[in-house]
Amino acid sequence: MVKRIETEVGGQKLILETGRVGRQANCSVWVEYGDTVVLVAVTASDKIGLWPDQIALTVDYQEKSYSSGRIPGGFFKREGRPSEKETLGCRMIDRTLRPLFPKNWYYETQVVAMVLSSDQGGATEALAIIGASTALTLSDIPFDGPIGAVRVGRLGGRLIINSTIAQIKESDLNIVMSGTDELITMVECESKEVPEDEVMEAILFGQKAMLNIIGAQRQLQKEIGKSKRTVTKVERDEVFVKQVTERLRPVLKEALLHPAGKVEQQEKLSGILAAEIAAIKAADPTVNRDKEVTQLFNELECQSVRQMILDDKVRADGRTITQIRPITCEVSVLPRTHGSAIFTRGETQSLSVVTLGTTDDEQRVETLEGEYRKGFMLHYNFPPFSVGEARPMRGPGRREIGHGALAEKALRPVLPSKEKFPYTLRIVSEILESNGSSSMATVCGGTLALMDAGVPITRPVAGIAMGLVKEGDRYETLSDISGGEDARGDMDFKVAGTEVGITAIQVDIKIKGLSIDLFTHALKQARVERLSILEKMKASISAPREELSNYAPRIITIKVRPEKVGGVIGSGGKTVKGIIEKTGVKINIQDDGSIDIASPDAQAVKTAIEMIKSITEDVEVGRTYVGKVVRIVDFGAFVELRRGVDGLVHISQLAHERVAKVSDVVKEGEEISVKVLEIDKQGKIRLSRKELLPPPAEVKE
């Protein structure tokens, strides 16, 4: 049965339809908004996933090229591996949905979202989240929804729901958010140093806009929603659980009360678990309860950590609720790179390296909206040794792409314009050690490396990850969470910004959602800690270096009149290729007359500039030029001063003595020095060779 419902979001009609396509999935929903169409299908199998104690959720978000009337680039001309934008879309959908499944839902579940038609709007990811929520709500899959999602922009101080791509480019605030009618479940934010209270105003605005979306889903559920599958409750031996709990709880608390490093604490806890398993085996060798004990041990460890935080205000590593781990900052750690820094916070360490390039190094990106060139890239790497593991190293996964994109988003607002600093920038963050908040360490390390490279950023950026432990009405927000606190807590709330305002936010929530009050509290606490970190960073390097590295290319931009560009390029690029061959520089020419000349050799850049100026500058009376004789006539020789511009050396101006025949003095193709005597009203140029020759002997006497 086909069922369709309409509602209004941001001044446009939103249509949710089910029952027409994708009918073999548990449920599929056709989402239509303007001329954008997203199809979302959800399917759950009867098989337990590969990890029987984890939610087996897979999310795939795909943007089809045909949706915007495009044919994919590349040799095969079909969609291949997910683009970075698609990967980030997968992450946003996954982070929204995962906390809303029952804790013991272990059946393989897949969400597939496909953008089938695109009108250049910027809401495709939000529409995919809406479609996924609707499909799960209507299906037989257990799901604690529905939820809504919107994109919020701000243009000229005015907040906009589901801003277009063009509006996003001009906005100083860009948020994709999801939530229920009362709680926030996911936030992805990029802003141009917008203060916290203004960010909260935008989030409240977005939450209000989601009410119609949630209401429409509830109406559909009321009319055609399926009965939910029963989630099988795992039966446990409660007597055994009680016995193990009574033995382990005090031992665990004692171990956790004595803070140690990550490795030492893991070894200590592993020793406790091994001793408990050995004791149980010794009591009854016929029964293997290793898996059961391990699972119970992990639960008790988590409970102990949370209880210490709520009751004693002490964390597992001995810190107070708002205490930040020790920070060290080092710059110029690599001698031949253009800029480098090591940022260490506790047991998390990022080596950040900046490379300066030319426009030839820009990345070409193909999206639904068309192709564009990207002049700033941040790549995040997470080698296995950073967490003491030995495993194969493959290409970047979703986590690496997501963390890199977040840090790139955080730093982009403080970068100089191309007019001020005409370099392509690449930052690589190598995580050398990890115990939580490595993406925020990347933001801090990236800032230090940019300043070390001499990139004139407007202000330094710092990042911090906030955590949450919440039981009923009791909660504590934790500053600078470690990896263990991320795993055992209820939130990973990452905030990056300057002393002026926020540049990026990413919120991952493991409970159903955050109230506005709790969200605001975490944001304010993060600002205090961010300012503290910025002070520590400034102690290492307080401002961008005035000089670039000796190994960085020097890029000088000169401007010529647009009509002169053709002369610099020459026929078939002959002129500019000649300059490049002679000087060894890189040259990039824009249609507006901007010319970038790049080389580590300052003298080569200077020579190239002089060559270009000799081509593009207007001829001046009294100046001397070296030109080529292009034509000889009876009354003189025509000399080309630069491409398309020549003048006449009259026979009387060839030499001091009388010249009977022009070809006796100069030949076609010969280069000679001439002086400009006059430019008449018609633009004809009169030249002299004689003026530059030594006077005859009798004149000297």
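Modeller: First, a term: the bend at a residue is the angle between two axes, one fitted to the seven residues ending there and one to the seven starting there. Helices (H or I, at least four residues) and strands (E, at least two) are DSSP runs, numbered from the N terminus. This is a predicted model, where local features need pLDDT of at least 70, side-chain atom pairs count only at pLDDT 80 or more, and totals for chains, interfaces and linings use all residues. Residues are numbered from 1 along each chain as its sequence is written, and side-chain values use heavy atoms, leaving out hydrogens and water.

Colleague: Where does H6 bend?
Modeller: At Leu248, by about 30 degrees. A proline, Pro250, follows within four residues.

Colleague: Which residues of H6 are buried?
Modeller: Buried means under 20% relative accessible area, exposed over 50%, partly exposed in between (1.4 Å probe, protein chains only). Among those in H6 are Phe240, Val244, Leu248 and Leu252.

Colleague: And what covers them?
Modeller: The cover includes helix H7 (262–283) and helix H8 (290–312). Contact here means heavy atoms within 4.5 Å.

Colleague: New topic. How many aromatic pairs?
Modeller: Five. Rings of Phe, Tyr and Trp (its six-membered ring) pair if their centres lie within 6.5 Å; planes under 30 degrees apart count as stacked, over 60 as edge-to-face, the rest as tilted.

Colleague: Why is Phe101 with Phe143 edge-to-face?
Modeller: Their planes stand at 65 degrees, so the pair is edge-to-face, with centres 5.8 Å apart. The two residues are 42 residues apart in the chain.

Colleague: Is Phe101 buried or exposed?
Modeller: Buried, because its relative accessibility is 4%. Phe143 also counts as buried, at 12%.
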